[in-house]
Amino acid sequence: MKKNQVLIGALLCLTASISWGAMFPVAERALMYIDPFYFAFLRYLAVSVILGILLLMKEGKKSFSLEGQGKKLLFFGTMAFTVYNFLIFAGQDLLGHNGVIVASIMESLMPMISILILWVFKSARPMKYTIASMFLALIGAILVITNGSLSFVFLLKDSVIPILFILIGVIGWVIYTMGGNQFNGWSTLRYSTLTCILGTAVSAIITFLATAMGLSVPTAEVMQSIYGEMIFMIIFPGAIALLSWNLGIKLLTPINGILFINLVPITTLAIVFIQGGSLSSYEILGTFLVIYALIQNNYFQRKNLPSRVKEMNTSEKNHLIKGTQHQ
């Protein structure tokens, strides 16, 4: 992997993670006025339109062809733009103000979940240093967002359903992130656009059914009251973050790029600090641990790649070669 690819990939994943870190505090205010289902659906409906226009202008009508990949695109799109999008905001809304904190912490579980999925389904046995880096980054993120207090454990105990919603949503995004590897010949814009459109279509059906069962439709006054929040959610955590994340993952590979998700809770904390909070020693230590884990994993992965290839079985080698070609 070339150095400029690493740098660009890192900057792209960083951009996405920071955008998502700002997402939860912004969503908190919006969810005071609008149902999570409509909030999530309308957000990515707008993103789908934006990406569709961009794809049409850049690659033409032929790029909207599914090329026999419709089922895969529908599955990965549903994982990201229905499962993740609906459940993470539903869980945050049910938890109230504490949902901002819990959702940020749960985002930090993505690297751990990706390792388990690769290990179980791809026979890609993780190296010890990778597992250590994931745990270190997770510990750092928890220190940052909880300020060294274990009181959040009791919060989780009393909020099983919302936490389960958020966890399932996070798993959905991990699956979507890893799904990009199956579309190596496609541009990031094309994969992002088609999955977004198909996933949003599923969200539209669910929202319609929920409305028929009594879900209230947001009024014009409601939409006007959250106009600023929706614009932010559509542009930054929506279109920009989606394209940045998918391209960054393409350059770094999922196992490397997904580490940057640990910056989400740190960004959330930074916003709180800007709004008048203060940083404690726990928060400073946690920030250092996350950054150190990112650097450590990348360093050891580069250092041990030659010996790692020699020790691999055939399945693992094919998986690595596929990942390298993907870059």
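## Core and pocket of an all-helix model

Setting aside neighbours within four places in sequence, Phe-39 is in contact with Ala-27, Ala-30, Leu-31, Ile-34, Phe-89, Met-230 and Met-233. Phe-39 also belongs to the largest nonpolar core, which has 83 residues. Trp-20, Phe-39, Trp-173 and Trp-245 have the most contacts inside that core. In soluble globular proteins, nonpolar side chains tend to be buried together.

The model is predicted. Its secondary structure comes to 15 helices and zero strands. Of the 327 residues, 50% count as buried. Take the contacts between residues at least 6 apart in sequence: 88% of them join residues at least 24 apart. The accessible surface comes to about 15,500 Å², and carbon and sulfur atoms hold 71% of it.

Next, the second largest pocket. Its volume is about 290 Å³. Of the 15 residues that line this pocket, His-97, Val-100, Ile-101, Thr-268 and Val-272 are the closest to its centre. By type, the lining divides as follows.

| Residue type | Residues in the lining of the second largest pocket |
|---|---|
| Nonpolar | eight residues |
| Polar | five residues |

Helix H1 (3-30), helix H4 (98-107), helix H6 (128-146) and helix H13 (263-274) each supply at least two lining residues.

One backbone detail remains. Glu-67 is not a glycine, yet it has a positive phi of about 50°. Glu-67 sits in the loop between helix H2 (36-59) and helix H3 (70-95).

Methods
Residues are numbered from 1 along each chain as its sequence is written. This is a predicted model: local features need pLDDT of at least 70, side-chain atom pairs count only at pLDDT 80 or more; totals for chains, interfaces and linings use all residues. Side-chain values use heavy atoms; hydrogens and water are left out. On a 1 Å grid over the protein atoms alone, a cavity is a set of points where a 1.4 Å probe fits but cannot get out, and a pocket is an open set with protein on both sides within 12 Å along at least five of seven lines; lining residues have an atom within 4 Å of a point. Grid points are joined across faces, edges and corners, and a volume is the space filled by probe spheres set on the points. Helices (H or I, at least four residues) and strands (E, at least two) are DSSP runs, numbered from the N terminus. Ala, Val, Leu, Ile, Met, Phe, Trp, Tyr, Cys and Pro count as nonpolar, Asp, Glu, Lys and Arg as charged, and the others, Gly among them, as polar. A nonpolar core is a set of buried Ala, Val, Leu, Ile, Met, Phe, Trp, Tyr and Cys residues joined through side-chain atoms within 4.5 Å. Buried means under 20% relative accessible area, exposed over 50%, partly exposed in between (1.4 Å probe, protein chains only). Contact means heavy atoms within 4.5 Å. Accessible areas come from the Shrake-Rupley method with a 1.4 Å probe; for residues, only the protein chains shown count as cover.
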